[in-house]
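Have a look at it with me before reading on.

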Amino acid sequence: MTMTAENTALSFECETGNYHTFCPISCVAWLYQKIEDSFFLVIGTKTCGYFLQNAMGVMIFAEPRYAMAELEEGDISAQLNDFNELKRLCEQIKRDRNPSVIVWIGTCTTEIIKMDLEGLAPKLEAEIGIPIVVARANGLDYAFTQGEDTVLAAMANRCPTQTPVTETEKNERNAIQKLLHFGKKKEEVIEEESEYVNHPPLVLFGSLPDPVVTQLTLELKKQGIKVSGWLPAKRFTELPVIEEGYYVAGVNPFLSRTATTLMRRRKCKLISAPFPIGPDGTRAWVEKICSVFGITPQGLEAREAQIWENIEDYVKLIRGKSVFFMGDNLLEISLARFLVRCGMTVPEIGIPYMDKRYQAAELSLLEKTCQEMGVPLPKIIEKPDNYNQVQRIYELKPDLVITGMSHANPLEARGINTKWSVEFTFAQIHGFGNARDILELVTRPLRRNNNLKDLGWDKLVREATTA
């Protein structure tokens, strides 16, 4: 396919559609599991409680570390004492769970009635002796993944500002190194430490499962780069030290608020890199960090080639096919770039919100990937109008539509293959080793429909829809 003159640069448009995404308070679902000594208290109305019960109903038997503080009519009309009621709840949490940190998640209602959570928290923290972090992860945000962004931005302000002095403090803050050195002799640890290049401290931010944290840390270690810490850490007591001049790099496209906080409040230097999603993105991410520290990367080309070889059985299922993104979780640009590298075409990328500064490197890589693969550049639609999108889907007839849950079944009923975008949020999609997991999700509806065709199911569906 040849490139035309109008396809030489990415085009951006903005429509006036609604945000058809989950509420950001859903970030509690993955953050309470990641930060093991935390407790999340969502402060809102019964509607918020219903949402949490439905969204996280599968965890009902797990006794999760989150709860709902429901505002009644008296609270909303400002007749009751917020402080006393929150104190009672937090004392009960301390008595029952004794967490290292309590995170207050503000909702739309707390915003509308202008509830002074930031003013209440320090006073209550002093009384009960447990840190209280306030995060306004409410439905006024663009996408549900931005709930994590709000929480991490609030936690960035709680990171220590000085390197630990005592051995005990050093051990507490060195969670990643302890994980990497587990079961090794002292001599082996000393030998491994000597392999690191002398470079400024680097802190990575973004909530990922522990195996993925280990994978990405080891990928950088192979290049002689030492990760000083992750935000968030596995435990609140192990939050990384962040001093002025530290370098930081993100692993997810929806963390622009955290990046801004680290730069403005903590005076860190942001490494603007593509995100480590897919083998191409992971290689570009590692290479950019290496270039900032003046390190020549070793073996990345061969490592990427090996991954592509390993996933060829999946890639051949989607090569030459088209995928349309309706917009949901802010992972759209990274996933589109990876799928273009797999040989797909992407006519349109819908995205609830586009931070061009934070995603600049990812956008640049998407443009470069399309040019190298010889496919037209996608049109990027911010805040898409779903009615217009459905009309465009009918015209374009894509092989697959990646969409929010609200649109999946109606599109399937009209014979359009869909995949829930929320699944990419909860799946392990980062790093070299997880590229196969992305393609497992992407190809599942295509494989399913191929199997149904073999059974003659498509004929029955056509007859039913034309009847």
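Does D280 count as buried or exposed? I looked it up, and D280 counts as buried because its relative accessibility is 7% (buried is under 20% relative accessible area, exposed is over 50% and partly exposed is in between, with a 1.4 Å probe and protein chains only).

A note on the ground rules: this is a predicted model, where local features need pLDDT of at least 70 and side-chain atom pairs count only at pLDDT 80 or more, while totals for chains, interfaces and linings use all residues. Residues are numbered from 1 along each chain as its sequence is written, and side-chain values use heavy atoms, with hydrogens and water left out.

Entry 1, D280 again. I found D280 in helix α13, residues 278-292 (helices are DSSP runs of H or I with at least four residues, strands are runs of E with at least two, and both are numbered from the N terminus). Setting aside neighbours within four places in sequence, I listed E304, W308, R337, F338 and R341 as the contacts of D280 (contact means heavy atoms within 4.5 Å).

I noted 22 helices and 14 strands. Buried residues are 52% of the 467 residues. Of the contacts with a separation of 6 or more, 77% link residues 24 or more positions apart.

I traced an open sheet of four strands, ordered β7-β6-β8-β9, with parallel pairing (two strands pair if DSSP finds at least two bridges between them). I then checked β8 (residues 247-250), which is joined to β9 by two bridges. V248 sits opposite L270 of β9.

I saw α12 lying across β6 (202-205), β7, β8 and β9, at about 155° to β6 (axes are lines fitted to C-alpha atoms, for helices over the stretch in contact, and angles run from 0 to 180 degrees between N-to-C directions).

The axes of α7 (residues 146-156) and α12 (residues 256-264) come within 7 Å and cross at roughly 15°. That makes α7 roughly parallel to α12 (the term covers angles under 35 degrees). I wrote down the residues in contact: Q146, D149, T150, L152, A153 and A156 from α7, with S256, R257, T258, T261 and L262 from α12.

Notes:
Parallel < 35°, antiparallel > 145°, perpendicular 65-115°, else oblique.
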